[in-house]
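Work through the exercises below with the structure in view. Try each task before you read its solution.

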Amino acid sequence: MAYVVLEHEITNFEMLKQVYTDDAERRRRMGCTGGRIWRGADDPNHVSVVMEWDTVENARRFTTSFELEQAMHWASVKAPTTRVTVFEEVHNSPF
């Protein structure tokens, strides 16, 4: 299992949420198996999006896609604040 973590500073949470929702089918076709949006407890404009991917290769392909670049623009992300990281799961524990 692979994960993509996008950390953003945003100006409009509802816009980010709408763009994320509208892009779901494209992400699914690219290999995304699910995701969550997190907001900073002390700063609601600090948002992390964590998405699960079927392979590391598909996760990397997503992070370099033109569509992701455009989606971040439409989602009111404050450029250049985004940090994009691909993780590969190496251990899973119930606790």
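**Exercise 1.** In which helix is Arg26 found? Then decide whether Arg26 is buried or exposed, and list its contacts.

*Solution.* The model is predicted: local features need pLDDT of at least 70, side-chain atom pairs count only at pLDDT 80 or more, and totals for chains, interfaces and linings use all residues. Residues are numbered from 1 along each chain as its sequence is written, and side-chain values use heavy atoms, without hydrogens and water.

Step 1. Arg26 sits in helix α2. Helices (H or I, at least four residues) and strands (E, at least two) are DSSP runs, numbered from the N terminus.

Step 2. The relative accessible area of Arg26 is 14%, so Arg26 is buried. Buried means under 20%, exposed over 50%, partly exposed in between (1.4 Å probe, protein chains only).

Step 3. Contact means heavy atoms within 4.5 Å. Leaving aside neighbours within four places in sequence, Arg26 contacts Phe62, Ser65, Glu67 and Leu68.

**Exercise 2.** Which residues of α3 are buried, and why do they line one face of the helix?

*Solution.* 

Step 1. The buried residues in α3 are Val56, Asn58, Ala59 and Phe62.

Step 2. Viewed down the axis of α3, they fall within an arc of 165 degrees, so they line one face. The arc is that of the directions from the helix axis to the C-beta atoms.

Step 3. The buried residues of α3 pack against β1 (2–9), α2 (24–30), β3 (46–53), α4 (66–74) and β4 (83–88).
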